[in-house]
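I opened this notebook to record what I looked up in one protein chain. My interest was in how its parts pack against one another.

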Amino acid sequence: MQKKLSQWAAENPDDQYRELSHLLCHEGWLRVAHHAVNTNQGRETAGIDGRTMSNFNADVDGNIQRLSEALKATTFEPMPVRRVYIPKANGKKRPLGIATIDDRIVQEALRMILEPIWEADLSPHSYGFRPNRSTYDAMTYIGKRLAGNGGDKYQWVIEGDLARYFDTIPHRRLSKAVKKRVADRDIRDLLWKFLRAGVMGQGARQATLTGTPQGGIVTPPTKLQTFFFGVRIARVRIDPKHDIDVISGHFHPLDQGTDEIPLARPVSCS
């Protein structure tokens, strides 16, 4: 079915997919999502409800049926993620959001539906958060062109980073971007519920009016916000000391045009 979704997306680049929620509710689809979460190393890490995958697996059939029925009735309600912090190399801490097991399985089921659609729209030069691609592939691509073995030869590679990017994803812009390809209201409403589920930290729930929690399956991955990320370079200036200034003509997440340069692509200065 994912191949069919991908084929449809490639053949209909300007259309919306209208019927997707039946896949999400299908017990077979949910079982595949459960298998993916069940084989993850963090399967025994609990969300705010304290339940691990072992608890879920104690009655797999019953729990899959319960999720399916809740999704069909559109009564499924995501729970706030549990806030934890992990140390970063610079001494600071990175916040992660640990979803409940139920939410992780439904998120994976959502990813299985949405990913094939957006894969057809993405630039071949984009490598982040994509299936069968990695940073090593990006490094290989860049390395060949720096060495002049891949056609055009490049002299400079410009690295960029967005501070607190996951924390500042605009929910409404993301939803509008999803709507361009997904007409199914139930799918969009569920994604909105995940975005607004909140964060539980120090015994109190905090609202999530922007951003997506790092660590979630649909944390773009979410993968979605990465799918819509693009940068257009307006001008590159090299001063006599060989310092580089990049003047950004367009720098906005959730909006990737055909003439924009994703971060993983080298910039030619010839």
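The entries below go from the whole chain to single residues.

**Entry 1: the whole chain.** I noted at the outset that this is a predicted model. I counted 10 helices and six strands in the chain. Of its 270 residues, 41% count as buried. I looked up the accessible surface of the chain, which comes to about 15100 Å², with 49% of it belonging to carbon and sulfur atoms.

**Entry 2: helix 3.** I checked the length of helix 3, which has 12 residues (27-38). At 1.5 Å a residue the helix should span 16 Å, and its end C-alpha atoms are 16 Å apart, which agrees. Which residues of helix 3 are buried? I listed Trp29, Leu30, Ala33, His34 and Val37. Seen down the axis of helix 3, these buried residues fall within an arc of 140 degrees, so they line one face of the helix. I then looked up their partners: the buried residues of helix 3 pack against helix 1, helix 2, helix 4, helix 5 and helix 6.

**Entry 3: helix 9.** I turned to helix 9, residues 185-195, where the buried residues are Ile187, Arg188, Leu190, Leu191, Phe194 and Leu195. Down the axis of helix 9 they fall within an arc of 160 degrees, so these residues too line one face of their helix.

**Entry 4: Tyr17.** I located Tyr17 in the loop between helix 1 and helix 2. Is Tyr17 buried or exposed? Its relative accessible area is 16%, and buried means under 20%, so Tyr17 is buried. I looked up its contacts beyond four places in sequence; among them are Met1, Leu5, Ile117, Arg181 and Asp184. Tyr17 and Lys179 are 162 residues apart in sequence, yet 9.3 Å apart in space, C-alpha to C-alpha.

**Entry 5: aromatic pairs.** I found two aromatic pairs in the structure. Trp8 and Tyr17 form an edge-to-face pair, 4.5 Å centre to centre with 70 degrees between the planes. Trp8 is buried, with a relative accessible area of 18%. The rings of Phe76 and Phe194 have their centres 6.3 Å apart and their planes at 45 degrees, so this pair is tilted. I noted that the pair links distant parts of the chain, with Phe76 in the loop between helix 5 and strand 1 and Phe194 in helix 9, 118 residues apart. Both Phe76 and Phe194 are buried.

Conventions. Residues numbered from 1 in each chain as written. Predicted model: local features only at pLDDT ≥ 70, side-chain atom pairs only at ≥ 80, totals over all residues. Heavy atoms only, no water. Helix = DSSP H or I, 4+ residues; strand = E, 2+ residues; numbered from the N terminus. Expected span 1.5 Å × (residues − 1). Buried < 20%, exposed > 50% of the residue type's maximum accessible area, 1.4 Å probe, protein only. Arc of directions from axis to C-beta. Contact = heavy atoms within 4.5 Å. Areas by Shrake-Rupley, 256 points an atom, 1.4 Å probe, with all protein chains shown as cover. Phe/Tyr/Trp six-rings, centres within 6.5 Å; stacked < 30°, edge-to-face > 60°.
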